[in-house]
Amino acid sequence: MSAPTPPSTPPRFRRAAPPAAPASDEPVRLNKRMAEQGICSRREADDWIERGWVRVNGQPALMGQKVLPADKVTVDRRAEEAQDQRVTILLHKPMGFVSGQAEDGHEPAVVLVQPQARWREDRSPHRFQPQQLRGLAPAGRLDIDSVGLLVLTQDGRVARQLIGEDSGVEKEYLVRVSYGPETRDVQSVFPREGLARLRHGLFLDGQALRPAQVDWQNPEQLRFVLREGKKRQIRRMCEQVGLHVVGLKRIRIGRVVLGNLPVGQWRYLGPHESF
């Protein structure tokens, strides 16, 4: 009786970047190609290259290496395993916290990500571990005087999806406004042409803004849906049409909503959620 055939060991290098679009035969940096194919961020690619987890045409990749469309890029299974351990956190940011690095004496929102501030109703299987704070960075800004949904992630794929140059993910806001001395029933006195300009026709920093969805939610509150995120964009848009922002709250990013997440608390992005 012959001995059973041992199970084959899965190859270590098994994930390949699809060939780049054949529109150009120009070589591009390897980290850029990997990011464009949605495999990881450029920073992650450089880290994987340094660890020896990336090969080009079967040979270990070099830092700064350029590749052609026909080159075959493969990634070690260990990179995928490391990536799967990275977390994305949804925080209901209060006023008074900055999104990124501490500035002017104000703390960054990431300091709120502590086990005692995790939302009781979070059903994610993740257990909080201190290493989850390592490299946890905001994927998009939310002003110090604004509240609502802020995404913090260790995953370069999520960051690129939300703040990459070609990102078109919707962000939805509720914006309380006043118009001159009018703080109540602003809708009745605000010109219709001003609303039309908010939807399309404004410029910031010398560039035309993308069309936006802007509608009245109630006589004092507007709903904005944007596909871009310039610094203090909504406040600056409102200033151009004579509105003053009294309060601003982000309630949705892509398909992920703030929901009932309490102010100052956080939860993990669920395994079946995506932006």
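This is a predicted model: local features need pLDDT of at least 70, side-chain atom pairs count only at pLDDT 80 or more; totals for chains, interfaces and linings use all residues.
**The cavity**
- Searching the whole structure turns up 1 cavity of 30 Å³ or more.
- The largest cavity comes in at about 40 Å³.
- Its lining includes a run through Leu198, Arg199, His200, Gly201 and Leu202, and Leu209, Arg210, Ala212, Glu228, Gln233 and Met237 line the cavity too.
- Two helices, H6 (192–199) and H7 (233–240), each put at least two residues into that lining.

**Strand S6**
- S6 spans residues 73–76 and is covered on both faces.
- Val73 and Val75 sit buried on one side, with Thr74 and Asp76 buried on the other.
- Strand S3 (residues 54–56) runs antiparallel to S6, and 3 bridges join the two.
- Val75 of S6 also shows up in this pairing, as the bridge partner of Val54.

**Helix H4**
- H4 covers residues 156–163, and its buried residues include Gly156, Val158 and Leu162.
- Looking down the H4 axis, the buried residues fall within an arc of 155°, so they line one face of the helix.
- In an α-helix there are 3.6 residues a turn, so residues three or four places apart point the same way.

Definitions and conventions. Residues are numbered from 1 along each chain as its sequence is written. Side-chain values use heavy atoms; hydrogens and water are left out. On a 1 Å grid over the protein atoms alone, a cavity is a set of points where a 1.4 Å probe fits but cannot get out, and a pocket is an open set with protein on both sides within 12 Å along at least five of seven lines; lining residues have an atom within 4 Å of a point. Grid points are joined across faces, edges and corners, and a volume is the space filled by probe spheres set on the points. Helices (H or I, at least four residues) and strands (E, at least two) are DSSP runs, numbered from the N terminus. Buried means under 20% relative accessible area, exposed over 50%, partly exposed in between (1.4 Å probe, protein chains only). Two strands pair if DSSP finds at least two bridges between them. The arc is that of the directions from the helix axis to the C-beta atoms.
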